[in-house]
Amino acid sequence: MSFSFQSVDQRKLAYTPSKIVCVGRNYLEHIQELENEIPDEAVFFIKPGTALSHLCQTCEIPTYRGEIHYECELALLITQKLTRASAEHSLDAVGGYGLALDLTLRQLQSELKEKGLPWEKAKAFDGSCPLSPLKMVDGNFSSRHRFNFSINGKLRQTGDSRLMIRDSAHLLAEISQWFTLMPGDVVLTGTPAGVGILSEGDELELVLDGTVVCRSTVVKGR
Ligand code: ZN
């Protein structure tokens, strides 16, 4: 399915994303928050391309499915095929970056984890990856970024790429050993601490490197 990515300067880029690759634990504080173990190997999971939606103005969430948690993450748009790449070359494949919410039905995820079942229903449902407009880059992606996520004027999450266990270059290289990344694919680089519940009516503000990239109101989805 085609998805029209938007840039911060109002351009539209249509791709057919095959997948969104996410990293489960990439910030130490968030691991401690969920009382998880620090992984020796990165934990990856995939959302289908149909999980993408636009975050700005309104953000639809399926409240009837249970409590929805936000995880605000730096998102990378892949615009060149990347397969078994080295960290040295992997950043060449990044064509844009922005912020995304990795929406999670946390209670369902816990139940599925407990039973040793896959998490797809909790993480990969339609609209589970709302994405901000992107800052486009042309082969010169710098991996140093900071972001803030606020709800109703209150700062909830602060991300700083320097605090990632794996930086973007190593993350992309490692992902590409397992999953070939195709143009239009999106990589989420993991959530910092501060995850919590998203409710109908919440006013969201996402700031990337000092610029507001998105404001949105949470509405009940179908
Ligand atoms: Zn996440």
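Analyst: Cys56 comes out as partly exposed, at 23% relative accessibility (partly exposed sits between buried, under 20% relative accessible area, and exposed, over 50%, with a 1.4 Å probe and protein chains only). This is a predicted model, where local features need pLDDT of at least 70, side-chain atom pairs count only at pLDDT 80 or more, and totals for chains, interfaces and linings use all residues. Residues are numbered from 1 along each chain as its sequence is written, and side-chain values use heavy atoms, with hydrogens and water left out.

Cys56 is bonded to Cys214, S to S 2.1 Å, and that is the one disulfide found in a search of the whole structure (a disulfide being a pair of cysteine sulfur atoms within 2.5 Å). The pair links distant parts of the chain, 158 residues apart: Cys56 is in the loop between strand S5 (52–54) and strand S6 (57–61), while Cys214 is in strand S18 (residues 211–220). Strands here are DSSP runs of E, at least two residues, numbered from the N terminus. Cys214 is buried, at 3% relative accessible area.

Cys22 is in no disulfide, and its nearest cysteine sulfur, on Cys129, is 6.3 Å away. Cys22 is buried at 0% relative accessibility. Cys72 is in no disulfide either, with the sulfur of Cys214 the nearest at 9.6 Å; Cys72 is also buried at 0%.

Now the metal. The zinc ion has Glu71 (OE), Glu73 (OE) and Asp102 (OD) as protein donors, 2.0 to 2.1 Å from it. Donors are N, O and S atoms within 2.8 Å of the metal (3.2 Å for Na, K and Ca), and sites may look incomplete because water is not among the atoms. The donor spacing in sequence is E-x1-E-x28-D, and both Glu71 and Glu73 are buried.

Conventions: Helices (H or I, at least four residues) and strands (E, at least two) are DSSP runs, numbered from the N terminus.
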